Amino acid sequence: LAYVGIPMTSILTVFGTATLAVGLSLQGGLTNMMDGIMILIFKPFSVGDYIETHTDSGTVESITIFYTILKTPDNKVVLIPNGALIGGNVINYSTKPTRRVDLTFDIDYAEDFKKSVALILDICSKHELILKDPAPTCRIAAWKESSIQLSCKVWVNNADYWTVTFDLLETVYDEMNKAGIKIPY
């Protein structure tokens, strides 16, 4: 082209600019692709695992080269770029077979906290889905402005987490009412 009289400086400048533009436009896609390969190799989570990212949580439906696809508990589908997963924290709730349920219950200062603790532990000991080892615990967690806060911790199998959580919340509320234990507003 220089032999014909076309200035090479202009052509090289245009070619260099075009190459830079193409490279920059592919950067995000290439990053997501490489991060997808890293996820597939190192397997921090698998299809079927329930995970939580910095923005979303749900069950992993598929892992592709560019995206990980989650189904949320309310049946939405979320596509997360793999670069966002590799670059942030991911909590995998499915890795371990058991999980701890942590609940707090507030009681009035006028109440006998030992009676309340015994009532909660009795409910826990009778629940068939709560594991016996490690044993359930219930202790004072805080003295709040208008209540004593009791912390209850029990271990369950992963699949039973929400069932036990809701069962304990409902049963403790009912039993505290029956026992006359005041729950402050």
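Q: Which residue in β8 stands opposite Leu103?
A: Leu103 stands opposite Cys152. Quick caveat: this is a predicted model, where local features need pLDDT of at least 70, side-chain atom pairs count only at pLDDT 80 or more, and totals for chains, interfaces and linings use all residues. Residues are numbered from 1 along each chain as its sequence is written, and side-chain values use heavy atoms, with hydrogens and water left out.

Q: How many bridges pair β6 and β8?
A: They pair over 10 bridges in the antiparallel sense, with β8 covering residues 148-157. Two strands pair if DSSP finds at least two bridges between them. Strands (E, at least two residues) and helices (H or I, at least four) are DSSP runs, numbered from the N terminus.

Q: And what's the strand order in that sheet?
A: The order is β6-β8-β7, in an open sheet of 3 strands with antiparallel pairing. β6 (98-107) and β7 (137-143) are the edges; each has a single partner strand, so one side of each has no neighbour in the sheet. From one strand to the next, the twist averages 30°.

Q: Which strands does helix α3 touch?
A: Helix α3 (residues 113-126) packs on the sheet and touches β6, β7 and β8, its direction making about 15° with that of β8. Contact here means heavy atoms within 4.5 Å. Axes are lines fitted to C-alpha atoms, for helices over the stretch in contact, and angles run from 0 to 180 degrees between N-to-C directions.

Q: OK, where does α4 lie?
A: Helix α4 (residues 161-179) lies across β6 and β8, at about 20° to β6.

Q: Switching to rings: how many aromatic pairs are there?
A: The count is 3. Rings of Phe, Tyr and Trp (its six-membered ring) pair if their centres lie within 6.5 Å; planes under 30 degrees apart are stacked, over 60 edge-to-face and the rest tilted. For Tyr50 and Tyr93, the centres are 5.9 Å apart and the planes at 45°, so that pair is tilted.

Q: What about Tyr161 and Trp162, how do they pair?
A: Edge-to-face, at 4.9 Å centre to centre with 90° between the planes. Ring pairs link Tyr161, Trp162 and Phe166 into a cluster.

Q: Is Tyr161 buried or exposed?
A: Tyr161 counts as buried, at 13% relative accessibility. Buried means under 20% relative accessible area, exposed over 50%, partly exposed in between (1.4 Å probe, protein chains only). Tyr50 is partly exposed at 27%.

Q: What lies over the face of Tyr161?
A: Arg99, at 3.6 Å from the ring centre. The rule wants NZ of Lys or CZ of Arg within 6 Å of the ring centre and within 35 degrees of the ring normal.
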